[in-house]
Amino acid sequence: MAVPDARAALDRLLAAAGDGRLDELCERLGVRVLAAFGSAASGGGEANDLDIAAGFLGSPRVLELIDGLVALSGYDRIDLAILDGADPVLRSEALTGTPLFQHAPGVFATEQMAALAERRDTEWLRRLDVEAMR
């Protein structure tokens with residue numbers, strides 16, 4: 001049974017993070033970091049889905065992670081963004097959302113700082129692309 005509200009689903013994931021169920025899922029699937037971002041996490045605008053970002057220690061186990069998140073949240077409108085190799089803008093947006101899991105202490109903050117720095121350092125390239133398309 002799906003929860004009709006993305007924010008309620010996020011609250012359920014936060015509860016699962018608090019009681020260890022989310023940690024168990026992430027560790028079993030080799031998740032390095034997990035975060036919620038987008039409208040459900042920011043509280044701004046209407047949340048039509050739940051945006052979740054994940055970085056993995058090894059090969060991504062995407063379908064298993066989505067299944068586990070659906071089971072924990074009771075919500076089936078989850079969009080999963082894979083952080084590994086993602087665009088710097090996506091990575092920085094996702095990692096400034098709501099942290100849900102980190103494989104080891106400090107991992108989330110380290111990845112967040114790296115993503116923000118890469119976005120800043122590559123901004124000039126995105127501006128060049130826009131100019132070239134004009």
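Predicted model: local features only at pLDDT ≥ 70, side-chain atom pairs only at ≥ 80, totals over all residues.

Trainee: OK, and which residues of H1 are buried?

Mentor: Those are Ala 6, Ala 9, Leu 10, Leu 13 and Ala 16. Looking down the axis of H1, the buried residues fall within an arc of 115 degrees, so they line one face of the helix.

Trainee: How many residues does H1 have, and how far does it reach?

Mentor: H1 runs over residues 6-19, so to speak, with 14 residues. From first C-alpha to last it reaches 20 Å, close to the 20 Å expected at 1.5 Å a residue.

Trainee: What about the ends? What happens at the start of H1?

Mentor: There, a side-chain oxygen of Asp 5 comes to within 2.8 Å of the backbone nitrogen of Arg 7. Just after H1, Gly 20 has a positive phi of about 95 degrees.

Trainee: Switching topic: where does Asp 51 sit?

Mentor: In strand S2, which spans residues 50-56.

Trainee: Is Asp 51 buried or exposed?

Mentor: Buried, and with no salt bridge. The nearest side chain of opposite charge is Arg 77, 9.7 Å away.

Trainee: Then what is Asp 51 in contact with?

Mentor: Setting aside neighbours within four places in sequence, Asp 51 contacts Ala 35, Ala 36, Phe 37, Gly 38, Ser 39 and Asp 79.

Methods: Residues numbered from 1 in each chain as written. Heavy atoms only, no water. Helix = DSSP H or I, 4+ residues; strand = E, 2+ residues; numbered from the N terminus. Buried < 20%, exposed > 50% of the residue type's maximum accessible area, 1.4 Å probe, protein only. Lys, Arg positive; Asp, Glu negative; His and termini not counted. Salt bridge = Lys/Arg side-chain N within 4 Å of Asp/Glu carboxyl O. Contact = heavy atoms within 4.5 Å. Expected span 1.5 Å × (residues − 1). Arc of directions from axis to C-beta. Polar contact = N/O pair within 3.5 Å; in protein donor to acceptor, adjacent residues only side chain to side chain.
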